[in-house]
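Please keep the sequence and the coordinates in view while reading.

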Amino acid sequence: MAIEAQGLEIQIGARTLLHPTDFHVSKGDKIGLVGRNGAGKTTLTRVITGEMLPAGGKVRVSGKLGYLPQDTHADDPNQTALDRMMSARDIAAIISRMRKAEREMTDPDPDVMTKAMNRYDKAIQDFDKAGGYAAQSEAYAMAESLGLPQEVMNQPLGTLSGGQRRRVELARILFSDADTMILDEPTNHLDA
């Protein structure tokens with residue numbers, strides 16, 4: 001079982017969007033949630049993902065859940081699309097250490113520069129041990145299959161169109177090896 005709800009109740013203010021309900025979604029199920037605007041579809045997805053608490057009942061998710069929200073505005077518009085995608089795995093923290101060390105290696109103080117070089121060497125070793133080069137190639141290939149060429153993946157998120165950011169987020173979810181995915185209002189090209 002991937003998602004299980006027991007007695008799930010959702011309210012916004014005094015308005016009840018979902019009366020106590022039980023349901024389960026098994027691994028491999030493909031479900032479309034359809035309803036009018038304001039019916040609570042997004043609210044339900046936010047409860048399932050843990051972004052919101054239900055008014056009653058509980059939701060249990062087994063495995064890793066990937067979530068593509070309606071709003072894909074970048075938290076850090078200066079982060080590259082590739083770095084955003086790599087953040088789905090622990091490799092992103094290693095890349096961040098490498099970049100910080102790279103900046104500090106240009107410091108005129110020889111002590112700062114030497115320490116930065118040592119930290120960079122350690123970060124490179126960690127990156128290699130974590131399979132970073134293969135993961136980076138995998139990320140580029142996955143992004144390419146979603147219509148995001150390498151030059152787009154090297155751009156800051158703030159420079160990308162809404163559709164490109166949405167595809168980066170989808171690529172990130174796929175790259176994360178999520179067991180279950182929730183796509184909140186995917187556009188037609190993502191449906192396909």
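A count of salt bridges, each being a side-chain nitrogen of Lys or Arg within 4 Å of a carboxyl oxygen of Asp or Glu, gives 8 for this structure. The model is predicted, so that local features need pLDDT of at least 70 and side-chain atom pairs count only at pLDDT 80 or more, whereas totals for chains, interfaces and linings use all residues. Residues are numbered from 1 along each chain as its sequence is written, and side-chain values use heavy atoms, with hydrogens and water left out.

One of these salt bridges joins Asp83 to Arg99, with 2.4 Å between the closest N and O atoms. Asp83 belongs to helix H2 (residues 81–86) and Arg99 to helix H3 (residues 91–104), so this pair ties together parts that are 16 residues apart in sequence. Helices here are DSSP runs of H or I with at least four residues, strands are runs of E with at least two, and both are numbered from the N terminus.

Because Arg84 lies in H2 and Glu169 in helix H7 (residues 162–175), the pair ties together parts that are 85 residues apart in sequence. Arg84 has a relative accessibility of 21% and counts as partly exposed, whereas Glu169 is buried at 12%. What else is Glu169 in contact with, leaving aside its neighbours within four places in sequence? With contact taken as heavy atoms within 4.5 Å, the residues touching Glu169 are Leu68, Thr72 and Arg84. Ile31, by comparison, is 138 residues from Glu169 in sequence and 20 Å from it in space, C-alpha to C-alpha.

A further salt bridge is found between the side chains of Asp126 and Lys122, at 2.8 Å from N to O. Both residues lie in helix H4 (residues 110–129), where they are 4 residues apart, about one turn of the helix. Asp126 is buried, with a relative accessibility of 14%, and Lys122 is partly exposed at 42%. Arg97 joins these two in a network of salt bridges.

Arg97, Lys122 and Asp126 also take part in the contact of H3 with H4. The two helices pack at an angle of about 155 degrees, and their axes are 8 Å apart. Axes are lines fitted to C-alpha atoms, for helices over the stretch in contact, and angles run from 0 to 180 degrees between N-to-C directions. Angles under 35 degrees count as roughly parallel, over 145 as roughly antiparallel, 65 to 115 as roughly perpendicular and the rest as oblique; H3 and H4 are therefore roughly antiparallel to each other. Their crossing is left-handed, a term used if the near helix is turned anticlockwise from the far one by less than a right angle, with right-handed used if clockwise. Among the residues that meet are Ile91, Ile94 and Met98 in H3 and Val112, Ala116 and Tyr120 in H4. By class, the contact of H3 with H4 has 12 nonpolar, no polar and 6 charged residues. Ala, Val, Leu, Ile, Met, Phe, Trp, Tyr, Cys and Pro count as nonpolar, Asp, Glu, Lys and Arg as charged, and the others, Gly among them, as polar.

H4 also packs on H5, their axes coming within 6 Å and crossing at roughly 65 degrees. Here Ile124, Phe127 and Asp128 in H4 meet Gly132, Tyr133 and Gln136 in H5. This contact of H4 with H5 divides into 3 nonpolar, 2 polar and 1 charged residues.

Helix H5 (residues 132–145) in turn meets H7, with axes that come within 10 Å and cross at roughly 135 degrees. H5 and H7 are therefore oblique to each other, and their crossing is right-handed. Ala135, Glu138, Ala139 and Met142 in H5 are in contact with Ala171, Leu174 and Phe175 in H7. The residues of this contact comprise 6 nonpolar, no polar and 1 charged.

Val25 and Ala2 are 23 residues apart in sequence, and their C-alpha atoms are 5.8 Å apart in space.

Terms used:
Buried < 20%, exposed > 50% of the residue type's maximum accessible area, 1.4 Å probe, protein only.
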